[in-house]
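User: I'm new to this one. Can you walk me through a few parts of it?
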Amino acid sequence: MKLIHTLLASIVATSAGFSATSPCLAVVANAPLKVMAVAAADKPSASRQDRRVGERSAFLSPFIASATPDMSSPNATPKGAIVVDFLPELLDMIPKASTFDLVQFPLPDGSIRDLWLTEFNPIADDATTVVVERGPNGEDVLNYGYAPKIRAFRGHVVGADRSLVYLAFSESAISGFIEINDSVLTISNGPRGERPVTISDLQNLPAGAINWREFTCHTKSQPTDNNSGGSGGDGGIAALPTCKVLRLGFETDNEFRALFNSNQAAIDYVAQIAAAMNVIYYEEENLYPTLAYVNVYSVGTNDPWTVNDDVGNLLIQFKDRWQNTPAVPGGGVPAGAVTCGLKQLLSGKPLGGGIADAIGGTCIDQVNTLEFRPDTRTDEYCVSADLSGFFPFPLQDHNFQNWDIIVASHEAGHVLGCLHTHDLTPPYDTCVSGGCLTTGTIMSYCHLCPGGLSNIVFRFAPPNKAQMDVWLAGPGGACSGFEQPCPIYVPSNFRASDGTFADGVSVTWRLPAVAAERFELERRESGTVDWFLVDDQIAPTVASYLDISADVGVLYQFRIRAILVSDGTPSDWVGPDNGYRAELGPTNLVATDGDFATKIALTFDAPVGYSPTCYRIYRAAAGSEMQWIDQTSTASYDDRGVYADPDPGIDPPQAPTAGTLYFYEVRALVDAGSCALADGDSIVSAPVKDTGFQSQPGATNLLASGAVDGSPLPLTNRVKVTWNLPPYSVSRVYVMRAVGSNEFQEMAVLVGNQREWSDLFALSNVAYTYKVRCFSSLAGISA
């Protein structure tokens, strides 16, 4: 392999571009890379000081793009995927439990990216692994000599504003995913680990490259006080304030074991599922799942799961055996799984999907004990069936495939308090009824749309995150399985604001589970080498910082690290993340509150001191994230549901729904040649915000006159107002009146389907303007 290493060294050295002004990337065959940032004099600044920073290890990717395959072959790699050679020697060079840069990682589009990764251990220290084997006399023998053997890594794509990376390696299976800008790439060596390692862009594979199994969740959505999951459109949903450990217990069946060549391979794949859940749940919810128990049935033994026709009946059998039948041989919760806050059966049976026992069920007794306690909560069970035993792989044989970690994470989400996104109030998406998205979240049914499970990204909808917050902060959090501190010593979810503020760059992070002595924050201008200190005395209880010394319109990179309490040594750096300070933007945004049935009208004042290229309009429903929906060149905008799709590659915005409250932001685009540039390519101003909603169609044919009822002669002591009602049942009618250009005042509230009203307070020779709004408990307030 020395020749390959030397070749790789040459490639990296060439790409580094040796020059007197660029950082040196030194490469030695069979040795880790070291990226050295050489300190240089910074521009004078009262708020910063020059600081030499240390080295951070970098290692070559163990995946090297293969030669271009013969596309005429029936087994050729389809467009949207790339076959790579796996070099285990390069993986072995990476020290255990380290944080590092993985450089030269190949992607299906032909590009090369660097990954910032940390190795983590998804296995609990006291984990129990059981393999049921056939004894000499045909009896079942429990073998406790096995243990998961995987290496797992989490991280992000360097330079990407939004990304998530997971890689896992065992003796037989290579699994992973990269989510970057709402696209999902999978890394897999296929069934039984017998195919070449392939990196696939799921959304850009040709139709039929993966034959997705139609997964259906049979969990029933129960009425709950937490049905809405809270709002969050204006600022998002925070995860748990303190990281909690969730101990996972996995049962399996004969069909699951049949997916693998050995007991060890089956165990390792369960560990890879647990590790993937750890990456997803820690990123999204500050929850740290660990594998505490796994049971596998060796070939030649019979599992106890006799149900073969219905996933709900299989759940009943699983729960009944583990919970209610301790007297049956092999029955009762296994000792190693008692303290597991979530118990899941992984099945290879074709049962049409999965099911959870309850919405919000995970909770074992608060006492850290290994004895079964009948007074504890017993709804922490779920089943994930139809599993494939490998991460998605573009097969040519058209066998059905599932996205195993999506199924397992989905069912676990129910146990942790989440509803399906279409069962939320209001619905977060309508994929289940045909309103398809390509960026569906984990609890959605967007996998029923064309594209199948490739429509799912590794995120929870903000209302689902709020539901987990509520459950885990309440009845689900006072449980064993949560009593251990997360083994997290560094800040996480590190973010720098992208023009959100005009008074500085806001940097936020999630506090580590193990308290720090203090934090150090550094920054550099994007495209430069040297880092400079922003502040090295940030208190250990603080999770945000406003960098007021940042210059307006300059793109910076920020990073942070913790100084550990134990011995004062620094942690690994977290970051970098890009951020910038915005110009002052437009002001006085007003979005109409139900004034129109066909639009939401926005008006605002132009910024002072410059003339923007145009204005960008952003919108979010309660509980969702801001989406760039359109642009305008004037200081007004009508949201009528017709958009220019300004952000290609992102699901196009949907028309506003009557009665739904929306959050709006307007930003000015500064010094750009075109308003149609993709978000992030140009500096935009700080936003101005307001809320508004579109009403239902209201009364029509509104008339106001001074005629006497039934008489052609004018009436001098009243004004009669008449209207036609909308095509739905009306419970109240509001009549409003304005004098000249003054504001409207409410004059009367009529109960029932009233169609007229007389204004007895009208004065002679005064011009009045009237408007009528209808209210229905189902339709809300009308225009």
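Analyst: Here is a short tour by topic.

Analyst: This is a predicted model, so to speak of local features we need pLDDT of at least 70, side-chain atom pairs count only at pLDDT 80 or more, and totals for chains, interfaces and linings use all residues. Residues are numbered from 1 along each chain as its sequence is written, and side-chain values use heavy atoms, with hydrogens and water left out.

User: Okay, helix 4. How many residues does it have, and how far does it reach?
Analyst: Helix 4 has 23 residues and reaches 32 Å from first C-alpha to last, close to the expected 33 Å. The expected span is 1.5 Å times one less than the number of residues. Helices (H or I, at least four residues) and strands (E, at least two) are DSSP runs, numbered from the N terminus.

User: Is helix 4 mostly covered or uncovered?
Analyst: Mostly covered: 23 of its 23 residues are buried. Buried means under 20% relative accessible area, exposed over 50%, partly exposed in between (1.4 Å probe, protein chains only).

User: What follows helix 4?
Analyst: Asn286, whose phi is positive, near 60 degrees.

User: At what angle do helix 4 and helix 7 cross?
Analyst: Roughly 90 degrees, and the axes of helix 4 (residues 263-285) and helix 7 (residues 462-473) come within 11 Å. Axes are lines fitted to C-alpha atoms, for helices over the stretch in contact, and angles run from 0 to 180 degrees between N-to-C directions. The two helices are therefore roughly perpendicular, a label for angles of 65 to 115 degrees.

User: Which residues meet there?
Analyst: Tyr281, Glu284 and Glu285 in helix 4 meet Lys465, Met468, Asp469 and Leu472 in helix 7. Contact means heavy atoms within 4.5 Å.

User: New topic. Where is Gly80?
Analyst: Gly80 sits in the loop between strand 4 (63-65) and strand 5 (81-86). Gly80 is buried, at 16% relative accessible area.

User: What does Gly80 contact beyond its neighbours within four places in sequence?
Analyst: Pro108, Ile199, Ser200, Asp201, Asn204 and Leu205.

User: How many bridges join strand 37 to strand 38?
Analyst: Four. Two strands pair if DSSP finds at least two bridges between them. The bridge partner of Thr700 in strand 38 is Asn724.

Methods: Angles under 35 degrees count as roughly parallel, over 145 as roughly antiparallel, 65 to 115 as roughly perpendicular and the rest as oblique.
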